[in-house]
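Okay, everyone, thanks for coming.

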Amino acid sequence: ANDMSMKMALAQPEMNKLQAKYAMKKDPASQQKMQMEMMAIYKKHKISMLGCLTPLMQMPLFLAMFQVVYRITAPGGMYVDQVANKTLLFGTIDLTIGGFNDVWSYVLAAIVGVTMWFLQKLSAKKPSYAKNTGTQVKTEQQQQQEQTMKTVSVVMIGMMVLTTLTSVNALGFYWVVGNVYSIIQSIINRKLSEKKYQKTKSAQ
């Protein structure tokens, strides 16, 4: 995803020129020609639309981890007696319990919400190289899509917080660790992408 974002930034000046070229040409033939020229730009910069699907690849792993964390300490389970450590912070947080009656559920839910919000803000923030590719006037459809994405993000955070409150503390702890890891990973990837962008631009 970071690599695709960098390639899109490199291609953006050409995309802006193409959109300006066909701004007043709305007939089907011109629109078809614009699509062909756009695909040529994608090919030139090695941009594949399959890159948009990469986040979906983690869903089977996430669902498997969700089931493991949620069920491994369930009473009567096959592995419940083999889990040696079920607490955090010297026994103050019991990972096998949770719900609205446990104060740590609220603490973990709050941390999950804050870290997820920060991660989404970090992901939505444009890298430094993307800010210098020229401004683009957003169409009504693009503005609507942007608003939809914001709504989906808020709903997603709300669902994660609610699920943390209603599930065992182990799930909330898993999400906290995952979000913190993703934040660190995003910061590192952003720095690496900026270096790669400068190197690719110099080569071009």
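Take the contacts in the chain between residues at least 6 apart in sequence: 75% of them join residues at least 24 apart. Contact here means heavy atoms within 4.5 Å. Before I go on, this is a predicted model, so local features need pLDDT of at least 70 and side-chain atom pairs count only at pLDDT 80 or more, while totals for chains, interfaces and linings use all residues. Residues are numbered from 1 along each chain as its sequence is written, and side-chain values use heavy atoms, with hydrogens and water left out.

On to the layout. There are six helices and two strands, in the order α-α-α-β-β-α-α-α. Those are DSSP runs numbered from the N terminus, with helices being H or I of at least four residues and strands E of at least two. Of the 204 residues in the chain, 28% are buried, meaning under 20% relative accessible area with a 1.4 Å probe, protein chains only.

Now, how do H4 and H6 sit against each other? H4 is residues 103-124, H6 is residues 169-203, and their axes come within 9 Å and cross at roughly 20 degrees. The axes are lines fitted to C-alpha atoms, for helices over the stretch in contact, with angles from 0 to 180 degrees between N-to-C directions. So H4 is roughly parallel to H6, a label for angles under 35 degrees. Among the residues making this contact are Trp104, Ser105 and Leu108 of H4, and Asn169, Gly172 and Phe173 of H6. By class, you get 14 nonpolar, eight polar and one charged. Nonpolar is Ala, Val, Leu, Ile, Met, Phe, Trp, Tyr, Cys and Pro; charged is Asp, Glu, Lys and Arg; the others, Gly among them, are polar.

Let's zoom in on asparagine 169, in helix H6. Is asparagine 169 buried or exposed? Buried, because its relative accessibility is 2%. Its side chain makes a polar contact of 2.9 Å with the side chain of serine 105. That term means a pair of N or O atoms within 3.5 Å; within protein, one must be able to donate a hydrogen and the other to accept it, and residues adjacent in sequence count only if both atoms are side-chain atoms.

Last one: H3, residues 59-71. Its axis and that of H6 come within 9 Å and cross at roughly 140 degrees. Here Phe62, Met65, Phe66 and Val69 in H3 meet Ala170, Leu171, Tyr174 and Trp175 in H6. The class count for this contact is eight nonpolar, no polar and no charged residues.

How values were computed: Angles under 35 degrees count as roughly parallel, over 145 as roughly antiparallel, 65 to 115 as roughly perpendicular and the rest as oblique. Buried means under 20% relative accessible area, exposed over 50%, partly exposed in between (1.4 Å probe, protein chains only).
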